[in-house]
Structure formats: C-alpha cells, structure tokens
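Here is a short report on surface, sheet and side-chain contacts. Keep the model open while you read.

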Amino acid sequence: KKIIATGGPTAAHLTAVLIGKILRIDVVCEFQDPIISPTINSNNLKAHIAKKIENFLIKNSTKTFFVTKAACTAAKVRNIDLSKKISFIYPYSWNFFNTFNQEIRRDDNIIKIVHLGTLYGSRDIDILMKIVEEINKKNPKKTFKIINLGSIYLCQKSEYLAKDYFISLNE
C-alpha cells in the first residue's frame, strides 16, 4: 500500500504524511505548486517556515516529485542530504479540453497551449510568452493562444493579462 499525495495545498501533503506515519504506509508526494518561491514567501519568517515544512515532507515521504525541473533543482539544493528522494515529473490530465468554453475551441486557425495550475515565478512562462509573441508576428494566419486555468502569482500578471493571446479563465 502507498499513499499518493498530489496537488497544490501543502495541507494535503502534510495530512498524507501524518496518516502514513500513523498507519505505517509509504507516502509519495507530488508538488504541483512549489512550497518555496520568491513570489510567495515574501518575508524571512514565511520562507523559514516553508523550508522546514518542505524538509519535513521530503524526509517523511519515500519519494517526492515536483512538476518543473526548476522547482526540483531548487528543492535538491535546499535539501542536499535528501536529494535522492527528490525528482521531477510532468503532469498529464485526461480530456481536460472538454472543460473549456466552446468559443475558445471553435477557431481552427488558433493553436491553444493550456496551462493547468498556478503560475509562479519558477514556471518559466516568460520564455513561452516571448516565443508565442514572435510566432504570432511571423505567421498571423495560424496564431497561438495561451489558456491558463489557475491563479497567477507573478510580478508580470497585469502585463500578461493585457496580451491578446493570453486568456486566463480564473482572473
């Protein structure tokens, strides 16, 4: 038996680890949102507490996954002695296109890139935004749109929301 804890809320991972300890069951944690990020942990106390929680979860799980290489690498640097328990994996979701509004899916000349989850500083969205903008300028017949399903915690949030190729369904 294993408990697999996935998601953004840290409470889900803490609950899984505590239940795993009580029942003596291995726990695997998948962090879809990093616990530690410069845009989230705005003061030293919050950052210190977040690091302690991250370390506790990694130490008490059999394996820990992050959904970006950047978040994984940063966690390994912060938890060098536990780095063998830390890895990354890209998430996959079945039929998530069915949840979109019909108007967004209607135009065949638009290629849609969908992001499911919260946008933080370590998601490398700046590079994607620049590439999409360049492609759209070079080929106006076939354009790209970025559709975000999740909260945005980025310094450039208002800049992204002003772009005609960026659609956020939660903002």
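Ile19, Ile22 and Leu23 make a nonpolar surface patch of about 310 Å². Patches are built from residues with over 30% relative accessible area and no salt bridge; like charges are joined within 9 Å, and nonpolar side chains (Val, Leu, Ile, Met, Phe, Trp, Tyr) within 5 Å. Accessible areas come from the Shrake-Rupley method with a 1.4 Å probe, and for residues only the protein chains shown count as cover. Ile19 sits in helix H1 (residues 10–23). Its relative accessible area is 38%, so Ile19 is partly exposed. Buried means under 20% relative accessible area, exposed over 50%, and partly exposed in between (1.4 Å probe, protein chains only). Helices (H or I, at least four residues) and strands (E, at least two) are DSSP runs, numbered from the N terminus.

This is a predicted model: local features need pLDDT of at least 70, side-chain atom pairs count only at pLDDT 80 or more, and totals for chains, interfaces and linings use all residues. Residues are numbered from 1 along each chain as its sequence is written, and side-chain values use heavy atoms, with hydrogens and water left out.

**The sheet**

Four strands form an open sheet with parallel pairing, in the order S1-S2-S3-S4. Strand S1 (2–7) and strand S4 (86–88) are at the edges; each has a single partner strand, so one side of each lacks a neighbour in the sheet. From one strand to the next, the twist averages 20°. That angle uses axes fitted as lines to C-alpha atoms, for helices over the stretch in contact, and runs from 0 to 180 degrees between N-to-C directions. Two strands pair if DSSP finds at least two bridges between them. S2 and S3 pair in the parallel sense over four bridges. Thr64 in S3 is the bridge partner of Cys29.

**Aromatic pairs**

Rings of Phe, Tyr and Trp (its six-membered ring) pair if their centres lie within 6.5 Å; planes under 30 degrees apart count as stacked, over 60 as edge-to-face and the rest as tilted. The count by this rule is two aromatic pairs. Phe31 and Phe66 have ring centres 5.0 Å apart and planes at 25°, so this pair is stacked. Phe31 belongs to strand S2 (residues 26–31) and Phe66 to strand S3 (residues 63–66), so the pair ties together parts 35 residues apart in sequence. Both Phe31 and Phe66 are buried. For Tyr160 and Phe166, the centres are 6.0 Å apart and the planes at 45°, so the pair is tilted. Tyr160 and Phe166 are both buried.

**Salt bridges**

The whole structure holds three salt bridges. The rule asks for a side-chain nitrogen of Lys or Arg within 4 Å of a carboxyl oxygen of Asp or Glu.

| Salt bridge | N to O distance |
|---|---|
| Glu54 and Arg78 | 2.7 Å |
| Glu133 and Lys137 | 4.0 Å |
| Glu133 and Lys163 | 3.1 Å |

Glu54 in helix H2 (residues 44–59) and Arg78 in helix H3 (residues 69–78) are 24 residues apart, so that pair links distant parts of the chain. Glu54 is buried at 1% relative accessible area, whereas Arg78 is partly exposed at 30%.

Glu133 and Lys137 lie four residues apart in helix H5 (residues 125–138), about one turn of the helix. Glu133 is partly exposed at 25%, and Lys137 is exposed at 64%. Lys163 is partly exposed at 24%.
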